[in-house]
Amino acid sequence: MMVMPPDYPKILIVDDKPQNLYTLERLLIKLDVLVFQATSGFDALALTLEHDFCVAIIDIQMPEMDGYELVEMLRSNQATASLPVIFVSAIYSDEYHHRKAYDTGVVDFLSKPFVPEILLSKVNVFIALYHQRHRLQTLVKQLNAANDEILRFNQELEDKVNERTEELQRAYRQLELLDRNKSDFIQVISHELRTPLSVFTGYSQLLLNMPQIQSDEMLSRMVSNLHTSSLRLKDIVNAMLEVVKVDSQTLELHYVQVSIADLLDLVYRGFRDALTERNLSLEMVGVADLPLIEADAQALHKVFKNLVNNAIKYTPDGGQITIRGQLQKDEEIAPAQSFVHIMVCDTGIGIDSEVQELIFTKFYHTGDASYHSSGETKFKGGGPGLGLALAKGFVEAHGGRIWAESAGYDEHTCPGSQFHVLLPF
Ligand code: ADP
């Protein structure tokens with residue numbers, strides 16, 4: 001027996017006369033199909049329950065159950081209700097019987113003796129439909145498999161994201177704890193340092209005023225250096241204590257009417273010698289026209305002192321520092337509010353875009369720490385990395401905003417930096 005591929009379309013032929021079945025099968029076998037024979041309506045029903053046929057070719061006249069009854073039975077079963085049926089009849093080929101056949105859901109009608117080409121072409125339509133259905137089913141299966149794969153992949157991804165989120169949250173909690181420990185440590189150390197430092201500053205001041213020291217140039221210089229260093233250390237310790245207050249949001253601001261122009265003038269006077277020494281020019285544009293604002297004068301003085309100090313430190317000798325002032329709105333934090341916008345711009349080494357936000361975190365400084373000299377206003381002179389963190393804390397405590405802009409870091413081309421401060425007024 002010839003073994004046919006299992007996905008060949010199956011055709012059911014039903015006739016009570018074996019001779020007719022034989023002729024029909026001989027004809028159909030020319031197509032790539034599997035032909036199933038049934039000599040009665042009951043046999044045909046049994047076969048339709050077992051196989052999925054693409055078409056059934058049914059003789060109308062049969063004893064026990066005729067073609068009409070068989071089709072009715074097929075239509076009443078959900079599994080076979082849509083099985084296409086072609087009726088074949090030698091005597092019922094008038095219009096009445098055709099209509100009766102179509103009413104039962106028969107798709108086509110052939111009168112005996114039939115023309116083989118016509119039969120084959122009709123059957124071919126159903127074979128093509130079968131193949132189409134088959135291809136669709138395969139596509140649906142593939143789609144379902146792909147869908148399952150996507151769902152599985154999504155689930156895996158979600159699990160991974162959840163896992164990573166948990167890890168990140170854990171790491172974040174640990175960092176928070178470490179940061180709190182660091183803040184506690186800074187606070188304890190700063191408090192411990194304050195008393196001996198006051199003694200140191202007080203006595204060095206006392207020594208400076210003593211005639212015996214003043215009369216000896218070398219001693220006087222040494223004591224003066226000691227005194228200046230102790231004052232610098234005091235500033236650092238105070239900055240550390242203030243940073244702890246920023247972190248714990250316990251900064252206390254004392255609001256008064258502040259003239260930004262006066263404040264900046266005070267800052268300028270504090271750096272006049274350094275600017276001359278480093279051959280840097282400082283220009284103010286639009287600052288004198290700014291209105292008075294309600295602010296903590298001391299806190300703002302520290303903010304601008306730090307920004308100008310940094311502009312001096314990170315600009316090579318002979319450079320230019322410009323402070324611009326203007327009034328404006330800030331859509332980002334308060335669309336209805338007016339702000340004083342102060343920009344401190346320099347022609348210095350600039351800041352890499354990747355660290356323009358990071359520089360506002362405490363103890364952050366760019367570059368190699370070993371390059372830092374100890375001078376407060378020397379080119380690239382080092383600091384503890386607290387100035388901008390404090391400036392941000394002070395500005396935000398006023399309801400303002402501070403940020404840096406720069407085309408990048410380059411010590412040769414010096415693209416410069418711009419620090420922006422927005423303060424509500
Ligand atoms: P520091 O005490 O190191 O100056 P800051 O908090 O004031 O600390 O500044 C942090 C870092 O930001 C500095 O180490 C420096 O790398 C960078 N920085 C600040 N201002 C400027 C500037 N005007 N030009 C270039 N880099 C700057």
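Ala239, Glu242, Val243 and Val246 of helix α7 meet Ala389, Leu390 and Gly393 of helix α10; contact means that C-beta atoms, placed from the backbone, lie within 7 Å. This is a predicted model: local features need pLDDT of at least 70, side-chain atom pairs count only at pLDDT 80 or more, and totals for chains, interfaces and linings use all residues. Residue numbers start from 1 along each chain as its sequence is written.

**Helix pair α7 and α10**
- The α7–α10 contact divides into five nonpolar, one polar and one charged residue. Ala, Val, Leu, Ile, Met, Phe, Trp, Tyr, Cys and Pro count as nonpolar, Asp, Glu, Lys and Arg as charged, and the others, Gly among them, as polar.
- Helices are DSSP runs (H or I, at least four residues), numbered from the N terminus.
- α7 spans residues 217-247 and α10 residues 387-397; their axes come within 10 Å and cross at roughly 45°. Axes are lines fitted to C-alpha atoms over the stretch in contact, with angles from 0 to 180 degrees between N-to-C directions.

**Domains**
- The domain assignment, automatic or from a database, gives domain 1 (10-114), domain 2 (176-246) and domain 3 (253-424).
- C-alpha centres of domains 2 and 3 lie 25 Å apart.
- Seven residues of domain 2 are in contact with seven of domain 3. The domain 2 side has five nonpolar, no polar and two charged residues.

**Ligand shell**
- The ligand is surrounded by 21 residues, the closest being Asn310, Tyr314, His365, Gly383 and Gly387 (C-beta atom, placed from the backbone, within 6 Å).
- α9 (297-313) and α10 each give two or more residues to this shell.
- The shell holds ten nonpolar, ten polar and one charged residue.

Key: Two residues are in contact if their C-beta atoms, placed from the backbone, lie within 7 Å.
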